[in-house]
Amino acid sequence: MSEVIKNRYEFVLLFDVENGNPNGDPDMGNMPRIDPQTGHGIVTDVCLKRKIRDYVDLVRDGVPGYEIYVRSGAVLNDQHKRAYDYLGMEPSKNKPTDSKLTEFMCENFFDIRTFGAVMTTEVNCGQVRGPVQINFARSMDPVFQQEVTVTRCAVTNEKDAEKGQTMGKKQMVPYALYRAEGYISAHLAQKTTRFNEDDLDLLWDSLVNMFEHDHSAARGKMSARKLIVFKHKNALGCCQSHLLFDGVKVERLSGDLPPRSFGDYRVTVSDDVPDGVELIEKL
């Protein structure tokens, strides 16, 4: 493992979707999530973290220290038991007095080292707050939700054979540009999870490429468009994060027409950043 990070970071990620559903809401028939008061689209932090986890699992599969804790089919208690087995201890539901249990989980699982985890289940490995936090992504403009009817020429069972076809629904937005903002705390990395420079490079790579290996008919065309990073010269930081976020402006160019491509927007990034902050455009 490389050196634990020493600098605080903030970042802005712009990504878009074309003819797809970036994050369906199961409470609303899997329609794209929206803010009901404004009509702006929403993509949850959990959705974005899932894509990061999947990308890391793809590119670091089998590499020690880069296992994924929250993954499809995983039994979390079994994951915790590995720490007890490694240390020769009997599994317990009580709060662990030995910090080595939590340290084992942080050392072996990338997503715990990055995002933290609540591991206080029947097999208790403690709780850790991760240095990387991501806000909900929000679309730059209100989105138009559509439910499109589709047909299938095959049927599922014999009783439907006379129909000759069956009907289905697809939920989508024609186009939306989303903005997500995130924070990376060197203080938490040093104090708790030991999130390091290699992990940081992998995180940037994940944010740029996570949609490239996640294509599906349901999600349509999703692309990362901009990744703007603010690096502070120290662990505590040199200014408030909102001052840096305010320097990233997104302007719609399509006038009264609804946006239908990234070219319908202009993105400007102010280079007038406070002393001690470095502006880095990763994408």
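Predicted model: local features only at pLDDT ≥ 70, side-chain atom pairs only at ≥ 80, totals over all residues.
Biologist: Why is C238 in no disulfide?

Modeller: The nearest cysteine sulfur belongs to C239 and sits 6.9 Å away, while the cut-off is 2.5 Å, so C238 is not in a disulfide.

Biologist: What makes C238 buried, partly exposed or exposed?

Modeller: Buried is under 20% relative accessible area, exposed is over 50%, and partly exposed is in between (1.4 Å probe, protein chains only). C238 comes out at 27%, so it counts as partly exposed. C47, by contrast, has 14%, so it is buried.

Biologist: How do you know what span to expect for helix α1?

Modeller: Helices here are DSSP runs of H or I with at least four residues, strands are runs of E with at least two, and both are numbered from the N terminus. The expected span is 1.5 Å times one less than the number of residues. Helix α1 (residues 45–59) has 15 residues and reaches 21 Å from first C-alpha to last, close to the expected 21 Å. Its buried residues include C47, L48, I52 and V56.

Biologist: What makes a set of residues a nonpolar core?

Modeller: The members are buried Ala, Val, Leu, Ile, Met, Phe, Trp, Tyr and Cys residues, joined through side-chain atoms within 4.5 Å. In the largest one, with 40 residues, F15, I52, I184, W204 and L207 touch the most other members. Elements that each supply at least two residues include β1, α1, β10, α6 and β11. A second, separate core has 14 residues, among them L101, F104, C106 and C125.

Biologist: Which residues does L207 touch?

Modeller: F11, L13, I52, A224 and L227, not counting residues up to four places away in sequence.

Biologist: Why do β5 and β6 count as paired strands?

Modeller: Pairing takes at least two DSSP bridges. Strands β5 (residues 116–120) and β6 (residues 124–129) have five, in the antiparallel sense, so they pass. A117 is bridged to V128 in β6, and a hairpin of three residues joins the strands.

Biologist: Why is the Y66 and F110 pair stacked, and not tilted?

Modeller: Rings of Phe, Tyr and Trp (its six-membered ring) pair if their centres lie within 6.5 Å; planes under 30 degrees apart are stacked, over 60 edge-to-face, and the rest tilted. Y66 and F110 have centres 6.1 Å apart and planes at 25 degrees, so the pair is stacked. Y66 is in the loop between α1 and α2, F110 in helix α4, 44 residues apart. Both are buried.

Biologist: How many aromatic pairs are there by this rule?

Modeller: Eight. F15 and F211 make a tilted one, at 5.2 Å centre to centre and 35 degrees between planes. F15 lies in β1 and F211 in the loop between α6 and β11, so this pair ties together parts 196 residues apart in sequence. Ring pairs also link Y9, F11 and W204 into a cluster.

Definitions and conventions: Residues numbered from 1 in each chain as written. Heavy atoms only, no water. Contact = heavy atoms within 4.5 Å.
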